[in-house]
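Subject: The structure I promised you

Hi there,

Here is the structure for you to look through. Have it open while you read, and my notes on what turned up follow below.

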Amino acid sequence: MFRRAGRIRPVAQPVEQSDGGYGMSGTVKGWCPGALTPMPAGDGLILRIRPHVSRLMPDQIRLIADLAMQYGDGAVTLTSRANLQLRAVSAKNLAAVQAALRRQGLIDGDTDLERRRNLLTTPIWRADDDTLPLAGELTRRLRELPVLPAKFGFAIDTGPAAILGAAPADIRIERGPHGLILRADGMARGEYVTAANAITRAIELAHWFAARAGEATRMARLVSAGETPELRADDAPLTVAPLRPGGRYRAVAFGRLNAGTFRDLAAAPVRLTPWRGVLAEGDAALPVHDDLIGDPGDPRLRIAACIGKPRCPSASVGTFALANRLAPHLPAGRTLHVSGCAKGCAHPGPADLTLTGRDGRFDLILNGAPADHPARRGFHPDDLPGILSDLHASQL
């Protein structure tokens, strides 16, 4: 059932951005927002909520939905680090939102802890595995970490097999054939550790990185530059593919969910995933809604879209409605990025097809990123379904 391998990358799932997620254009590059350190954007403040072990209880779900409706823009955004974001919060309402989050245990004790708690946990953890104890120990020992880059993070991927290989993390604790493995991102193999010493060794590895990083901001970049972490290369992790929509798991279209639909998730605890989805615990049924994708063949799973106009000041075009319109026309197996501008906030890398907004129209980039040279320029949004159909007919 399990494979010993490197990284398995889900198709076209956007990754976390230098500006913090979907459509945060116009913000400070490299800054990760938090609930205590919100980020200004064109429509107000963006607050990132980091649930412990990416798990939300029903009361917490209802609260976040209510805050989005009362103080935000009426929607909740899921990020590729299994966090949530509220946007369009005004400065005058910030204290009220923070106080409500604090009462539900959804906010850190101070900004230093918030910055350090960059921790991703497997959504398939079980009550009897190592995930919760390891996550709890690392959380208690956060102040032992050195100063690290804003996006430097940890993955505790200790379910039946590792599932987070394509998700952003720099230091990984995973399940190997003979026990737990501590692995530096960028290395195929890791060192066997125990539940008793895994966090200590992870903290030591973080200090090793901090002492040698130089200009590198991520572990894999340092490794690719030739630095060898102080770890034994004992074994590769057992791996399984990321979750696919169906059953108790639903992907969220473009990572953005109406607050009312989000509130309907409160029938049972849910776990957030780095593929911008929700996994219901137990036998709870998730609500039926078009934006909760249960079909693994849904073409929207292969589309990235930023927040676009009018919420982003850098965007000259709308994005979400167009992405929905284009989904039925997307050639089979191809990926699409609808970007409000050349910054590429929803997906910085290349896609098979990228549409970049410019002066109210779109440029088309083939096999590239939003800032790359376009194959054709100046499409009106109404022209694009036909363009995609033509590309499909030409077997792009």
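A residue counts as buried when its relative accessible area is under 20%. By that cut-off, 59% of the 396 residues of the chain are buried. Please keep in mind that this is a predicted model.

First, the overall picture. The chain holds nine helices and 22 strands. Its C-alpha trace spans about 60 × 45 × 45 Å along the principal axes. A compact globule with 396 residues would have a radius of gyration near 21 Å, and the chain agrees, because its own value is 21 Å. As for the surface, the accessible area comes to about 15,700 Å², and carbon and sulfur atoms contribute 52% of that.

The contacts tell you something about how the sequence is brought together. Among contacts in the chain with a separation of 6 or more, 64% link residues 24 or more positions apart.

Helix H1 covers residues 58-71 and helix H2 covers residues 94-103. Their axes come within 11 Å and cross at roughly 175 degrees. Angles over 145 degrees count as roughly antiparallel, and H1 and H2 are therefore roughly antiparallel to each other.

Which residues in H1 and H2 meet? From H1 they are Leu63, Leu67 and Tyr71, and from H2 they are Ala96, Val97, Ala100 and Leu101. The residues of this contact divide into seven nonpolar, no polar and no charged.

Note on methods:
Residues numbered from 1 in each chain as written. Predicted model: local features only at pLDDT ≥ 70, side-chain atom pairs only at ≥ 80, totals over all residues. Heavy atoms only, no water. Axes fitted to C-alpha atoms, helices over the stretch in contact; angles between N-to-C directions. Helix = DSSP H or I, 4+ residues; strand = E, 2+ residues; numbered from the N terminus. Parallel < 35°, antiparallel > 145°, perpendicular 65-115°, else oblique. Contact = heavy atoms within 4.5 Å. Nonpolar A, V, L, I, M, F, W, Y, C, P; charged D, E, K, R; others polar. Rg over C-alpha atoms; globule rule 2.2 N^0.38 Å. Buried < 20%, exposed > 50% of the residue type's maximum accessible area, 1.4 Å probe, protein only. Areas by Shrake-Rupley, 256 points an atom, 1.4 Å probe, with all protein chains shown as cover.
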